[in-house]
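Here's a quick tour for anyone meeting this structure for the first time. Have a look at it, then read on.

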Amino acid sequence: AGPGRPFLTTLSLTIVNPLTVLLFLGFTAHLPADPDLMTVILAAVALFLGSLAMQMVFALGGAGLARVLKDPAWIHRLNILSALGITAFGLAGFVL
């Protein structure tokens, strides 16, 4: 497993993600009614580069968090914070 494998796996999952497909369809709906080929290509490239940029943010952020979360104390704090967040959402579901 090379260093690019996690990136390619995430990219593959993103491409087949139904929300990504819906986003792409919603984005292409804003194209002119009769776009020329260059407009379609530029729109697709812009959407791809935006998605690629976000994937890089997620990957680099995850790599940075991996360094911090090796400490058991941080993992314990994260578990407590997650439990509080899940509890808050559960209580909000009952109230609202």
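Which element gives the largest share of the lining of the largest pocket? That would be H3, with eight residues.

## Before we start

This is a predicted model, where local features need pLDDT of at least 70 and side-chain atom pairs count only at pLDDT 80 or more, while totals for chains, interfaces and linings use all residues. Residues are numbered from 1 along each chain as its sequence is written, and side-chain values use heavy atoms, with hydrogens and water left out.

## Overall build

The protein has four helices and zero strands, so the order from the N terminus is simply α-α-α-α. Helices (H or I, at least four residues) and strands (E, at least two) are DSSP runs, numbered from the N terminus.

Now for the outline. The radius of gyration, taken over C-alpha atoms, is 20 Å, whereas a compact globule of 96 residues would be near 12 Å (the globule rule is 2.2 Å times the number of residues to the power 0.38). Along the principal axes, the C-alpha atoms fill a box of roughly 55 × 45 × 15 Å.

## The largest pocket

The largest pocket holds about 350 Å³ of space. Its lining has 16 residues, and the closest to the centre are Thr-14, Thr-20, Leu-47, Phe-48 and Ser-51. Helix H1 (5–16), helix H2 (18–28) and helix H3 (37–68) are the elements that each give two or more residues to that lining. By type, the lining splits into eleven nonpolar, five polar and no charged residues. Here Ala, Val, Leu, Ile, Met, Phe, Trp, Tyr, Cys and Pro count as nonpolar, Asp, Glu, Lys and Arg as charged, and the others, Gly among them, as polar.

A pocket is an open set of points on a 1 Å grid over the protein atoms alone, where a 1.4 Å probe fits, with protein on both sides within 12 Å along at least five of seven lines; lining residues have an atom within 4 Å of a point. The volume is the space filled by probe spheres set on the points, which are joined across faces, edges and corners.

Thr-10 lies in helix H1 and counts as partly exposed because its relative accessibility is 34%.

Ala-43 lies in helix H3 and is buried, at 11% relative accessible area. Ala-43 and Ala-73 are 30 residues apart in sequence, yet 46 Å apart in space, C-alpha to C-alpha.

Technical notes: Buried < 20%, exposed > 50% of the residue type's maximum accessible area, 1.4 Å probe, protein only.
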